[in-house]
Amino acid sequence: MNKILLLEDDASLIDGLQYALCKEGYEVEVARRVSEAMEYFENGYDLLLLDVALPDGMGFEVCESVRKSGSSVPVIFLTAADDEMSIVRGFDSGGDDYVTKPFRLSELRARIHALLRRAGMDQKNDRRLVSGNITMDLEKSLAEKDGKVLELTGAEYRLLGLLIRNAGIVVTRNRILEELWDSGGSFVDDNTVSVYVRRLREKIERDPSKPERLMTVRGFGYRWNEG
């Protein structure tokens, strides 16, 4: 049973989500304050659903703290703010997905299912991947560069694993969409791939503007160089 932490202060939304998700077979714990979510995170969860605006802070703060701890647990933001600045802030803080209120429960379920499925993908393979100065510990969902933990979002972590496993082979954009998100990349704009590639480069390349590891193959996709 997958365990979800829901950070939300709207009582009616809490009741509806908790009932619907529990009916789907998820175990849901609720935090109504940023401080509570920070404390509860130590209990261990498979996915976080974070409201953005809380009485004592922002859901972004929780996500940033989680990423600094080295965790790649999937994070979905739930918020009424749909402006570009808020969405960018959500991804910059380490979020994997962003759902604006009001939303369809079926869409949220699909996004949760896709992220959980992809988060578990690496666990079915070797427990450790090594490529040059980059190491991935698949049991702990951690990636390191030169022995230092990389602060990766769940999607960035899965993208890195996919590329390393296929080192030297061109991985098409369609394959990335199919393997890292729900079937056919539902709810994902094709430009999202470019955004994640750019941000991954910023974390692993010596000079992101002149990549040596994560190479673009024009018109096809991307190739990972062992280095």
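**Sheet and helix packing**

User: Hi! How do strand 13 and strand 14 pair, and over how many bridges?

Analyst: Strand 13 and strand 14 (residues 221-224) are antiparallel, with four bridges between them. Strands pair if DSSP finds at least two bridges between them, and both helices (H or I, at least four residues) and strands (E, at least two) are DSSP runs numbered from the N terminus. This is a predicted model, where local features need pLDDT of at least 70 and side-chain atom pairs pLDDT 80 or more, while totals for chains, interfaces and linings use all residues. Residues are numbered from 1 along each chain as its sequence is written, and side-chain values use heavy atoms, leaving out hydrogens and water.

User: Thanks! What's the strand order in the sheet?

Analyst: The order is 12-14-13, in an open sheet of three strands with antiparallel pairing. Strand 12 (170-172) and strand 13 (214-217) are the edges, each pairing on one side only.

User: And which helix packs on strand 12 and strand 14?

Analyst: That's helix 7 (residues 173-180), which touches both strands. Contact means heavy atoms within 4.5 Å. Helix 7 makes about 65° with the direction of strand 12; axes are lines fitted to C-alpha atoms, for helices over the stretch in contact, with angles from 0 to 180 degrees between N-to-C directions.

User: Switching topic: at what angle do helix 6 and helix 8 cross?

Analyst: Roughly 80°, with the axes of helix 6 (residues 154-165) and helix 8 coming within 10 Å. The two helices are therefore roughly perpendicular, a label for 65 to 115 degrees.

User: Which residues meet there?

Analyst: Among them, L159 and L163 in helix 6, and Y196 and L200 in helix 8.

Conventions. Angles under 35 degrees count as roughly parallel, over 145 as roughly antiparallel, 65 to 115 as roughly perpendicular and the rest as oblique.
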